[in-house]
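Hi,

Here is the structure I promised to pass on.

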Amino acid sequence: MNRFVLQVFLFLAFIPLAILVGYGIVVVAPIFCCFLAINSYKFNNYREMYIWMAFGALSFMLALYMLGVL
């Protein structure tokens, strides 16, 4: 098999994998922000807690939009 054809095939094979990883990161981001907000609450750092809650809400809405729910 031609080396160029093989490289093109491997490049095209990694595109769905990259999309899957991207969706995984977007889905896990609100959970990660939630744990960061809980950690900020434990240390009585309310300003940082509200920042992480806002990022979590924004990433949750983005995840719902990307998954086709909204």
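**What turned up**

A compact globule of 70 residues would have a radius of gyration near 11 Å, whereas this chain comes out at 18 Å (taken over C-alpha atoms; the globule rule is 2.2 Å times the number of residues to the power 0.38). Its C-alpha trace spans about 60 × 30 × 10 Å along the principal axes.

Before you read on: this is a predicted model, where local features need pLDDT of at least 70 and side-chain atom pairs count only at pLDDT 80 or more, while totals for chains, interfaces and linings use all residues. Residues are numbered from 1 along each chain as its sequence is written, and side-chain values use heavy atoms, with hydrogens and water left out.

The chain has 2 helices and 0 strands (DSSP runs numbered from the N terminus: H or I of at least four residues for helices, E of at least two for strands). Of the 70 residues, 14% count as buried (under 20% relative accessible area; exposed is over 50%, partly exposed in between, with a 1.4 Å probe and protein chains only).

There are 2 aromatic pairs in the whole structure (ring centres of Phe, Tyr or Trp, the last by its six-membered ring, within 6.5 Å; planes under 30 degrees apart are stacked, over 60 edge-to-face, the rest tilted). Y41 and Y46 have ring centres 6.0 Å apart and planes at 65°, so they pair edge-to-face. W52 and F55 sit at 5.9 Å and 55°, so that pair is tilted. Both W52 and F55 lie in helix α2 (residues 46-66), 3 residues apart, about one turn. W52 is partly exposed at 24%, and so is F55 at 44%.

Cheers
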